[in-house]
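Let's take a friendly walk through this model together. Have the sequence and the coordinates open as you read.

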Amino acid sequence: MSLIDRWEALSDESKARVKRFGAFSLMLFVVLSILRALVPLAIIAVGGYWAYKELAKSS
């Protein structure tokens with residue numbers, strides 16, 4: 001049985017559930033990809049701010 005036959009056999013509620021799951025999975029992938037890029041930048045920014053405050057305090 002091919003996937004198209006299985007899709008045709010699903011009820012409307014099941015099709016909606018599969019579509020929601022797919023959309024949620026895609027959205028989660030995009031969000032995690034963005035976080036993967038931004039977390040190192042945030043760590044560097046916090047470290048730089050901390051270093052600036054420490055160096056400015058000693059002057």
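## A lysine and its partner

At 64% relative accessibility, Lys57 counts as exposed, since the cut-off for that class is over 50%. Please keep in mind that this is a predicted model.

Which residue does Lys57 meet in a salt bridge? The side chain of Lys57 pairs with that of Glu54, at 3.5 Å from N to O. Both Glu54 and Lys57 sit in helix H2, three residues apart, about one turn of the helix. Glu54 has a relative accessible area of 34% and is partly exposed.

## The other salt bridge

Side chains of opposite charge can pair when their charged atoms come close. The count for this model comes to two salt bridges.

## Overall form

How many helices and strands does the protein chain have? It has two helices and zero strands. The radius of gyration is 24 Å, well over the 10 Å that the globule rule gives for 59 residues, so the protein chain is more spread out than a compact globule.

The box around the C-alpha atoms, taken along the principal axes, is roughly 75 × 20 × 10 Å.

## Surface and burial

What share of the 59 residues counts as buried? The figure for the protein chain is 2%. Its accessible surface comes to about 5,600 Å², and 72% of that belongs to carbon and sulfur atoms.

A nonpolar patch on the surface is formed by Phe24, Met27, Leu28, Val31, Leu32, Leu35, Val39 and Ile43. Together these residues have about 740 Å² of accessible area. One of them, Ile43, is placed in helix H2, which covers residues 12–58. Ile43 has a relative accessible area of 58% and is therefore exposed, the cut-off being over 50%.

## The other helix

Where does Ile4 lie? Its place is in helix H1, made up of residues 3–9. Ile4 counts as exposed, at 62% relative accessibility.

Note on methods:
Residues are numbered from 1 along each chain as its sequence is written. This is a predicted model: local features need pLDDT of at least 70, side-chain atom pairs count only at pLDDT 80 or more; totals for chains, interfaces and linings use all residues. Side-chain values use heavy atoms; hydrogens and water are left out. Helices (H or I, at least four residues) and strands (E, at least two) are DSSP runs, numbered from the N terminus. The radius of gyration is taken over C-alpha atoms; the globule rule is 2.2 Å times the number of residues to the power 0.38. Buried means under 20% relative accessible area, exposed over 50%, partly exposed in between (1.4 Å probe, protein chains only). Accessible areas come from the Shrake-Rupley method with a 1.4 Å probe; for residues, only the protein chains shown count as cover. Patches are made of residues with over 30% relative accessible area and no salt bridge: like charges are joined within 9 Å, nonpolar side chains (Val, Leu, Ile, Met, Phe, Trp, Tyr) within 5 Å. A salt bridge is a side-chain nitrogen of Lys or Arg within 4 Å of a carboxyl oxygen of Asp or Glu.
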